[in-house]
Amino acid sequence: MSCKKASYIIEKREVSKISLWEKLSLKFHLVICALCRKYESDSKILGKILKSLHKHQHETHLSNEYKEELKNSLKISE
Amino acid sequence: MSKAIDISDWVDQYADALYAYAFSRVDDADQAKDFVQETFLAGIKSFETFEGKSSVKTWLIAILKRKIIDFYRQKEARKTTPLSHFFREKGRVGHWVMESAPQGNYNEIENDFDNKELQEALNTCLSLLPGKWKGIVMDKLVEDKDSDEVCKEHDITSSNLWVIVHRAKLQLRECLEKKWMNA
């Protein structure tokens with residue numbers, strides 16, 4: 001297995017089921033490849049950081065001034 | 001108009017949610033505001049056909065989603081890093097290219113996810129992704145939605161999803177490493 005394929009399976013595994021064959025060949029590749037082990041570790045942590053962005057999304061707000069402006073422009077176009 | 005709409009009430013109730021959704025996907029406050037306005041306008045126009053099967057908020061978000069997807073269809077940015085940047089095409093084919101190989105130093109930030117600068121750096125990296133990937137990455141990797149749902153919404157197959165997640169993660173991992181770890 002190439003590192004290209006290994007990293008693909010590492011990501012596929014995060015969003016979907018992988019086959020037994022994919023599981024075994026990835027496992028074997030990781031035993032012999034230090035760079036892909038690093039990739040796997042980085043990727044997992046990156047995945048967690050990405051998910052942590054979610055709770056901060058709700059801190060995004062529009063100002064009250066803008067909302068009033070919006071109400072007016074929508075009423076005119078109605 | 002047979003069904004009455006209280007526009008002020010709509011804006012008060014839904015504008016923030018619509019804006020947060022749009023902003024997380026377009027990274028441009030003005031563009032996001034335009035989307036909010038367009039969504040309300042479309043909502044006012046088609047409220048007659050709203051069957052009440054979902055909440056008004058869900059219905060408006062659905063309108064907004066379509067608008068964002070159309071927007072990116074129209075202007076698909078070419079921000080894709082070719083796979084040859086990461087993996088060798090000569091010699092040991094498919095092996096990591098040394099200069100862009102993972103350094104494995106993400107574990108240094110394991111307990112610092114709420115760090116504002118880290119989040120900003122990651123948001124910058126996200127904004128550098130091709131537009132079409134961005135929405136998929138937000139839905140799947142940030143909001144952790146069901147994969148089948150994400151595929152349906154973005155009209156892609158599951159193998160499209162695997163390829164996009166793989167390419168996006170390769171690109172994000174390298175981007176954040178450069179912006180954050182080596183800063």
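Helices (H or I, at least four residues) and strands (E, at least two) are taken here as DSSP runs, numbered from the N terminus. On this basis chain A contains four helices and zero strands, and its elements follow one another from the N terminus in the order α-α-α-α. The structure is a predicted model, in which local features need pLDDT of at least 70 and side-chain atom pairs count only at pLDDT 80 or more, whereas totals for chains, interfaces and linings use all residues. Residues are numbered from 1 along each chain as its sequence is written, chains are lettered from A and ligands numbered from 1 in the order in which they are written, and side-chain values use heavy atoms, with hydrogens and water left out.

Of the 78 residues in chain A, 47% are buried, where buried means under 20% relative accessible area, exposed means over 50%, and partly exposed lies in between (1.4 Å probe, protein chains only). The accessible surface of this chain is about 4500 Å², and 57% of that surface belongs to carbon and sulfur atoms; such areas come from the Shrake-Rupley method with a 1.4 Å probe, and for residues only the protein chains shown count as cover.

The interface between the two chains brings 59 residues of chain B into contact with 40 residues of chain A. About 4800 Å² is buried between chain B and chain A, 69% of it on carbon and sulfur atoms, buried area being the accessible area (1.4 Å probe) that two parts lose on being put together, summed over both. Across this interface, 16 residue pairs (both at pLDDT 80 or more) are in polar contact, which is a pair of N or O atoms within 3.5 Å; within protein, one must be able to donate a hydrogen and the other to accept it, and residues adjacent in sequence count only if both atoms are side-chain atoms. On the side of chain B that touches chain A, at least two residues each are supplied by α1 (7–26), α2 (29–46), α4 (116–127), α5 (131–142) and α7 (158–181) of chain B, and the largest share, 12 residues, comes from α7(B).

A salt bridge is a side-chain nitrogen of Lys or Arg within 4 Å of a carboxyl oxygen of Asp or Glu. The structure holds 15 salt bridges over all chains, and four are counted between chain B and chain A. One salt bridge joins B:R173 to A:D42, with the closest N and O atoms 2.7 Å apart; this pair crosses from helix α7 of chain B to helix α3 (residues 34–57) of chain A, and both B:R173 and A:D42 are buried. The side chains of B:K169 and A:E11 also meet in a salt bridge (3.0 Å, N to O).

Within chain A, the side chains of A:E68 and A:K71 form a salt bridge (3.1 Å, N to O), and both residues lie in helix α4 (residues 64–77), three residues apart, about one turn of the helix. A:E68 is partly exposed, because its relative accessible area is 42%, whereas A:K71 has 6% relative accessibility and therefore counts as buried.

In chain B, a network of salt bridges links B:R25, B:D139, B:E143 and B:K145. B:V150, in helix α6 (residues 147–154) of chain B, touches residues including B:D139 and B:K145, not counting residues up to four places away in sequence.

Key. Contact = heavy atoms within 4.5 Å.
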